[in-house]
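Visitor: I would like to go through this model and ask what stands behind the words used for it. Could you show it to me?

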Amino acid sequence: MTALQQMAPPDYAQMRILIGLGHPAHYHQFSQFIRHCRQQGIHYKIVINDKDILGELLTRHQLEFEVLLHKQRNASLATKLRELLAGNKALLKVVRSFRPTLMVGCINQIAHVGFLKRIPSLFFAEDDFNAVFLQSLLIYPFISKIIAPTSTNIGLFKHKKISYHGYHELVYLHPEYFKPSFDKVSGIFTTGKKNFLLRFAELSAYHDVGKSGITADLAKQLVELLSRHGNVFITSERPLEAWFENYRINIPAEDIHHALHFADMYIGDSQTMAAEAAVLGTPALRFNDFVGKLGYLEELEHTYGLTMGITT
């Protein structure tokens, strides 16, 4: 709550907080904060840029939300910019009716609409400025404050940074909040055999333009190699080719962290899941063009030895 105490009125009962989410990981990141708002009687409203299973997660947890836009898969940069403008227009409409005193989250629109309507805004970032410079240039000039780990370098905008020692992933995977249960995976994982969890990201955000990770051919090689040593399970943000469907993990989306905890190894091109595996103590390998460029993963790898990155 440190950031809120700096940015918002001290009387929580008078606060009206708009929470902007754009990725399934953002739901997990803000789930404890949403619970806090309920306990403190803080008025809040959730808006989303719907992607992957984000809306499904919120619905399963009986949380009301409004959709600003549905993100298109593999959209061009021009399409992404049109989506941003459409999202700004949709958020303006929500702001006029909800009248927030503070906006928080991980979507670009809170920066622009907050600046336009003079509403304080907090953007939660984990990626370094140089790795996501296009997105950073689009939003950082307009955002009020940037909440980021000490290991995250936000370049020109460091005067806006509120640092903390930790990682986004610890907000929801800290032992105080997350209790792994083998019952969640007992019908899936085989005891006495190795269980490998693979994650394929879509790599379609602003900062992913021109970036690559695990291709379909490489994924097939990985599956064939790992299958000699144990069971292979796949979770994927992008559509899977038919060949991989037999390996798709059959688990509710909200239980994936239990699978990640009990897996013997994680391999993927998702930064978020690599960090999640690291803080859970699961050996993690990541393979994409961001390796060596993100401070928080470099810290997890080289300071704590909890993950390993391999360049493409």
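Guide: Gladly. Please keep in mind that this is a predicted model. Let's begin with serine 136, which touches Phe129 and Pro141, leaving aside residues up to four places away in sequence. Serine 136 sits in helix α6, residues 133-139.

Visitor: Why is serine 136 called buried?

Guide: Its relative accessibility is 1%. Buried means under 20%, so serine 136 counts as buried.

Visitor: How do you know whether isoleucine 53 is buried, exposed or partly exposed?

Guide: The relative accessible area of isoleucine 53 is 25%. Buried is under 20% and exposed is over 50%, so isoleucine 53, in between, is partly exposed. This residue lies in the loop between β2 (43-50) and α3 (54-60). Isoleucine 53 touches Pro24 and Ala253, again not counting residues up to four places away in sequence. The C-alpha atoms of isoleucine 53 and glutamate 254 are 9.8 Å apart, although 201 residues separate the two along the chain.

Visitor: And arginine 248: which class does its accessible area give?

Guide: Arginine 248 has a relative accessible area of 35%. That value falls between 20% and 50%, so arginine 248 is partly exposed. Its place is the loop between β9 (230-236) and α9 (256-262). The side chain of arginine 248 makes a polar contact with the side chain of glutamate 245 at 3.0 Å. Beyond its neighbours within four places in sequence, arginine 248 is in contact with Ile234, Ser236 and Leu240.

Visitor: Now the sheet. What is the order of its strands?

Guide: The order is β3-β2-β1-β4-β5-β6-β7, an open sheet of seven strands with parallel pairing.

Visitor: Why are β3 and β7 called edge strands?

Guide: β3 (66-70) and β7 (161-164) each pair on one side only, and that is what the name refers to. From one strand to the next, the twist averages 20°.

Visitor: How do you know that β5 and β6 pair?

Guide: Strand β5 (residues 121-124) and strand β6 (residues 145-149) share three bridges, in the parallel sense. At least two bridges are needed, so β5 and β6 count as paired. Leucine 122 stands opposite lysine 145 in β6.

Visitor: Which strands does helix α4 lie across?

Guide: Helix α4 (residues 77-98) lies across β1, β2, β3 and β4, running at about 170° to β3.

Visitor: What makes the crossing of α10 and α11 left-handed?

Guide: A crossing is left-handed if the near helix is turned anticlockwise from the far one by less than a right angle. The crossing of α10 and α11 is left-handed, and the two helices pack at about 35°, with axes 11 Å apart. Gln271, Thr272, Ala274, Ala275 and Ala278 of α10 meet Tyr296, Leu297 and Leu300 of α11.

Visitor: How many residues of that contact are nonpolar, polar and charged?

Guide: Six are nonpolar, two are polar and none is charged. Ala, Leu and Tyr are among the nonpolar types.

How values were computed: Residues numbered from 1 in each chain as written. Predicted model: local features only at pLDDT ≥ 70, side-chain atom pairs only at ≥ 80, totals over all residues. Heavy atoms only, no water. Helix = DSSP H or I, 4+ residues; strand = E, 2+ residues; numbered from the N terminus. Buried < 20%, exposed > 50% of the residue type's maximum accessible area, 1.4 Å probe, protein only. Contact = heavy atoms within 4.5 Å. Axes fitted to C-alpha atoms, helices over the stretch in contact; angles between N-to-C directions. Polar contact = N/O pair within 3.5 Å; in protein donor to acceptor, adjacent residues only side chain to side chain.
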